[in-house]
Each structure stands twice: as structure tokens, then as C-alpha cells.
Amino acid sequence: MKCKTFFITGAAGFIGSNLAHSLASKGNTVIIYDKLTYAGNLASLEGVPPDKFIFVHGDICNTSLVSETLHNHKVDSVFHLAAESHVDRSIDGPSAFIETNINGTFSLLSAFRAYYESLDETRKQDFRFLHISTDEVYGSLGDDGYFTEDTAYAPNSPYSASKAASDHLVRAWFHTYGFPVLTTNCSNNYGPRQFPEKLIPLVIHNALAGEPLPIYGDGKNVRDWLYVEDHCCALHTVMQKGVIGETYNIGGNCERQNIQIVKSICSILDKMRPKADGFSYENQITFVKDRPGHDRRYAIDASKIKRELGWEPQETFESGIHKTVEWYLDNSKWVDDILNGNYRCERLGLGGTQG
Ligand code: NAD
Ligand code: DAU
């Protein structure tokens, strides 16, 4: 497969940085375009070969900077991941979600469409705009059933509503302008380099710090978990083989209640880093007030991407969660850097200090 120049928005964040590592390791060049909000950190890009990435510090709402970057680096295709991504933050302060997830996606579509129109026919044929979205746009399931690509949208949080709006914009750019888009809707990711506000890294961090492990409500809400490298592999597959204008659901077929997740992490930590007092980390579990509008269950039917594009996840939950806990135990420096925002950019050959 020919190596390409990919523009990745949000590539200093969790999934974007894992994708940057993965694409660069296959010989591609990645343009990392990121605003570096609290969730983005250059520490997450350490290890990407310096000759394979270019970092541009920018907001996706800045159409002129996006356009300039596209032309300067002769971008072949884009993975759009930049977003405000945390449901709890969207409840406390929805405006940043509207600005980045909706207006930012609109700005990007405008800049990219103009760029696409300027390309010659051969490069136009190969160009793709892959919009990375979430299963949360489909709302909440009862005890049975799965989200398919045909499930009606029913977002319940400001976060999921803003992602749903961005999905609709992307769809409209295909139908109205013939702009070559692809959309993916994925379930909950976990793995290395996830900001410790999301359930799994938060629980690992709090357990080791001797702090409470907060479980919302009765702890029986269900999520469908996918190891982040499997998601990145699915995204590359969709970029290479996906049919323009189509949507692909991505999930791990791995439903777990939140309480099961937290107990699994405690049990792994009990073995890998036993507490000095001999007690289990489970003693730190604390049930707290539920999240407002908390969706009960998510579960993805990923049969379309499996059948049509041949993608399969490689990790089971058991193998993936072991790798994840191990990564956090080995990378406490990364956690300090990301929580304190004091990463030394010169370690990446860039000037200054982030934060
Ligand atoms: P994240 O919060 O870890 O990272 C988001 C990145 O976007 C950060 O680097 C941040 O600095 C950057 N960013 C935010 N606003 C920006 C702006 N205005 N301009 C430029 N950069 C900006 O998010 P994540 O968990 O890696 O999620 C990435 C994408 O995948 C999101 O679009 C999210 O909706 C989607 N998604 C996430 C999951 C999941 O479980 N994490 C599952 C399905 C889909
Ligand atoms: O489904 C995909 C979505 O998964 C992505 O689109 C989002 O960007 C991503 O943040 C994630 O959303 P969730 O709200 O499902 O993830 P979170 O890690 O915040 O919560 C997972 C579950 O754990 C959820 O039911 C809420 C619960 N929870 C979360 C936290 C942070 C707790 O019980 N305690 C907590 O402290």
C-alpha cells in the first residue's frame, strides 16, 4: 500500500495519538493538527518517528490555518477526531461542545471542500474525509438489541447531541456537494494515553493514589468496550476500503457493566501492585450520585464493517485490560505530565513547554 500524508485533527488526544503512532509505524506521514486543550498533550506523541510527523498547533475553527496547512503539506486525506469528548463536562458546560464539535466540523468541511476542489482528478479520486463519531448518537438501549447503521439518532447528552449534529453536517456535504466523506460510529475505547477523567484510566489512577473509585448510580450501566488499537485498525481499514458516503459502526462485542469493569481493574491491580495493607483495591469503591440523563446500555452491531471490509478486533477484554493496566503502571510520568500540563516539548524536537 502506498504511503500517504494524513491530516489528523485531535491527534494529541487519546485515539488520535494512538492512530498517529499506528499510521506512522506503517510509513505514512501524519500532520498533527491540535488545539492542545486540557485533553491534548504532546507527551502522547513521544515515540512517533520525528521524520514522520508535523505538528501544527491550531483550532479546527480556524479555517485559514487549516487551509494553509493542507496546501503546504499536500495532504492526501483526513481523519477528523478533534472534539470535546467527555459527557460529564458537556453537562457542566455545553458551549465548548457546540463550538468545537459542530462549528469546528463545519469550518473543517468548508476548508477541506475548497482544498478538494483544487486537486487534480487523480488526487481527487484518492481523497477521503473520515469523520470519527460515537455510538452515543443512537441514545440508550434496553436489555436487548444492538445499534446498527440504520438505528434512528436519539442523542441524550449535550456531547452526543453535538456529535449527532456533526454527523449530519458530514452527511449533507456528501449528498449536496459530492464531497467524499466516510463516517464511523464507535463504542467505548480504552487503552494507553487516555485522559484520566474517563472511567478506566480514572479508576486505575485513583486506585493507585488511594482515592475513592466513584461509580455512578447502581453501577449496572452497560458499555461495549473496544481496545483503542483495534479502533485505529478499523479506521485505517475504512479509510482504505470504505465506500464513499457510507457509515460504519465499530464495536468490540464486549458488553460489561461498569461495576464489572471496576472490579476487573481492582483484581488485576491486586495481583500486579498489591496494596501494602494487604486489602483489595475494591475497598475503595464508592457509589456516588448518578450522571444526569445517564444512558443505560450501549451495544454495537459491527457486522457491516466485518462483512464488507474484513475488519475484526484482535484483543479480548481480558487481554486488552491487562495491557492497559500494565501501560499505566509503566507510564506514571505520562500521567503526571498530562495532569500537570508541564510536558517539555523539546523532547519532541519542538520548542518550549506545553501548558
Ligand atoms: P480526547 O478528548 O482524548 O482528545 C480530543 C483531542 O482534540 C485533544 O487532543 C484536544 O486537544 C483536541 N481538540 C479539542 N478541541 C479542538 C479544537 N477546537 N481544535 C483542534 N483540536 C481540538 O478524545 P478521544 O477520546 O481521543 O476521542 C476522539 C474522537 O473520537 C472524538 O471525536 C470522539 O467523539 C470520538 N470517539 C471517542 C470514543 C472514546 O471512547 N473515547 C468512542 C467513540 C468515538
Ligand atoms: O460510547 C462512546 C463514548 O464513550 C465516547 O463517545 C465518549 O467520548 C467517551 O467519553 C465514552 O463516553 P462514556 O460516558 O460512556 O465514558 P465514561 O468513561 O465517561 O463513562 C463510562 C461509564 O462509566 C458511564 O456509564 C459512566 C460511568 N462512570 C464514569 C466515570 C467517569 C462512573 O460510574 N464513574 C466515573 O467516575
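How far is an oxygen atom of ligand 1 from a polar backbone atom of Leu36? The answer is 3.5 Å.

Okay, some ground rules. This is a predicted model, where local features need pLDDT of at least 70, side-chain atom pairs count only at pLDDT 80 or more, and totals for chains, interfaces and linings use all residues. Residues are numbered from 1 along each chain as its sequence is written, chains are lettered from A and ligands numbered from 1 in the order in which they are written, and side-chain values use heavy atoms, with hydrogens and water left out.

Back to ligand 1. Ser85 puts a polar side-chain atom 2.7 Å from one of the ligand's oxygen atoms, and for Phe14 a backbone N or O atom sits 3.0 Å from an oxygen atom of ligand 1. On its own, ligand 1 exposes 840 Å², and the protein buries 96% of that (Shrake-Rupley areas with a 1.4 Å probe).

So who's around it? The shell has 28 residues, with Ile15, Asp34, Ser85, Tyr159 and Lys163 the closest (a residue counts if one of its heavy atoms lies within 4 Å). β5 gives the largest share, three residues (strands are DSSP E runs of at least two residues, numbered from the N terminus). By class, that shell has 12 nonpolar, 12 polar and four charged residues. Here Ala, Val, Leu, Ile, Met, Phe, Trp, Tyr, Cys and Pro count as nonpolar, Asp, Glu, Lys and Arg as charged, and the others, Gly among them, as polar.

Methods. A polar contact is a pair of N or O atoms within 3.5 Å; within protein, one must be able to donate a hydrogen and the other to accept it, and residues adjacent in sequence count only if both atoms are side-chain atoms. Helices (H or I, at least four residues) and strands (E, at least two) are DSSP runs, numbered from the N terminus.
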